[in-house]
Amino acid sequence: MNCQEFEIVVRDLARAQASDRITSELQLPLDHAASCSACELKFEDERELSRKLAAVALVESEPSSHIEPALLQAYRQTTRKVVATAVPVFRRSVYWFAAAAAALLMVFALGILRSRLNTPKPGLPIAAVAHNEDATTSAAVVIPPSTLIRAEPVNGASPWTNERTGTSSYSSRMASAQARISSPVLPTPNSLTSEGK
Amino acid sequence: MTAENEPSDAELLELMKAGNEEGLSALYRRRSRAVHRFALQMCGSQALADDVTQEVFMALIREENNYDPAKGTLHAFLLGVARNHVLRRLRRERFYVSMEEDAAEHKADGEGPLDDFSRGETIESVRSAILTLPERYREVVVLCDLQELSYQEAAAALGCAVGTVRSRLHRARALLIGKLRPSTQDETTEVKSARCFA
């Protein structure tokens, strides 16, 4: 090791010796200091400085006792502020959630309503829908309740029994209904009523 | 430094961020002394060191500076924040500090050989000599020699390269050796210009 290389490590050497942390790597610079008077003098200066600095480093200092309570107070206020600002955000999200749920509920209710309208219910008037194959549009004919047919059997009779006339012939009713539906001319409500009579 | 069953600094910080007051309290008790000592060694004023200590932990509460564990330890991070606060305060109160520097220099020059000093006097003279160093040299001496940080930790605290820390420490120690050398040896006295503001 030469003097230039020694100068690079002399601080680390002095610091290590001051704290008794001499490793095998630092033995070589120590040997050089023992053989070179200029480097030995430099090493002595550095060692002296390290000793003094170590004495200063040992001096403890305490922050004033009022700092910790002040910090905790400030911390509580900050935490409270964070909570206070977080509440409106939470409320806003609740509103959005409620609105979305309401919209979903409405869509669901509409869907149920639509499906109920399309399927005949027992005890309710049946809407007969006649399709005119020749025409581009379809027309619905509502059979008046007076002529009507109940889906549920009354006293074991056929569900197609006419309450008013007491006709219970299922096949004849079906044939006349099919004839009406397949007829190119749509039957009017009046004709249906008279037929029912 | 800390026992294995004790929570780490990062864990305490997470607790504190989660709203746990104990996290802040434990972190303060663990690190406030080092921060205070650093500030005191940098500026030499107890009141200013108290202010800086408070400001450092207030910054931590307000999350003004986001701590990144990848960049270094929380200890180094806190000292870095303290260093920024100290430098800001010193620049604001430059006139006051320059007077203190002058007084310290006169005191160091006028004293006898250090070997005859008692331990307390030695400490005081070293402190005064450190205070007379330029800020960039003072901070590396305080961090590396007084706070016993590694070069890497000091570099993280100062936000510079390890090589810069090494070279500044080399220069700082050379300056300190010169300042603490007994006055019987030949020294070139620095002539300072003075300006009258009257």
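**Entry 1: helix H1 of chain B**

I looked up which residues of helix H1 (residues 9-17) of chain B are buried, and found B:Asp9, B:Leu12 and B:Met16. They cover an arc of only 65° around the axis, which places them on the same side of H1(B). I note here that the model is a predicted one. I then asked what covers the buried residues of H1(B). The cover includes helix H2 (21-43) and helix H4 (74-92) of chain B. Just after H1(B), I recorded a positive phi of about 100° for B:Gly19.

**Entry 2: helix H3 of chain B**

At 1.5 Å a residue, its 17 residues should span 24 Å, and the end C-alpha atoms are 24 Å apart, so the two values agree. I listed the buried residues of H3(B) as B:Leu48, B:Ala49, B:Val52, B:Thr53, B:Gln54, B:Glu55, B:Val56, B:Phe57 and B:Leu60.

**Entry 3: B:Glu148**

I next examined B:Glu148, whose phi is near 55°, a positive value in a residue other than glycine. Where does B:Glu148 lie? I placed B:Glu148 in the loop between helix H7 (135-146) and helix H8 (151-158) of chain B. I also asked why B:Glu148 counts as partly exposed.

**Entry 4: chain B as a whole**

I counted the elements of chain B and found nine helices and zero strands. Read along the sequence, the pattern of chain B is α-α-α-α-α-α-α-α-α. Of the 198 residues in chain B, 36% are buried. I also looked up the contacts in chain B between residues at least 6 apart in sequence, and 62% of these join residues at least 24 apart.

**Entry 5: chain A against chain B**

Finally, I turned to the interface. How many residues of chain A are in contact with chain B? I found 24 residues of chain A in contact with 31 residues of chain B. On the side of chain A that touches chain B, the elements that give two or more residues are helix H3 (37-58) and helix H4 (67-118) of chain A. The largest share of that side, nine residues, comes from H4(A). By class, I recorded 13 nonpolar, four polar and seven charged residues on the side of chain A that touches chain B.

Notes
Residues numbered from 1 in each chain as written. Chains lettered and ligands numbered in written order. Predicted model: local features only at pLDDT ≥ 70, side-chain atom pairs only at ≥ 80, totals over all residues. Contact = placed C-beta atoms within 7 Å. Helix = DSSP H or I, 4+ residues; strand = E, 2+ residues; numbered from the N terminus. Nonpolar A, V, L, I, M, F, W, Y, C, P; charged D, E, K, R; others polar. Buried ≥ 20, exposed ≤ 12 C-beta atoms within 10 Å, placed from the backbone. Expected span 1.5 Å × (residues − 1). Arc of directions from axis to C-beta.
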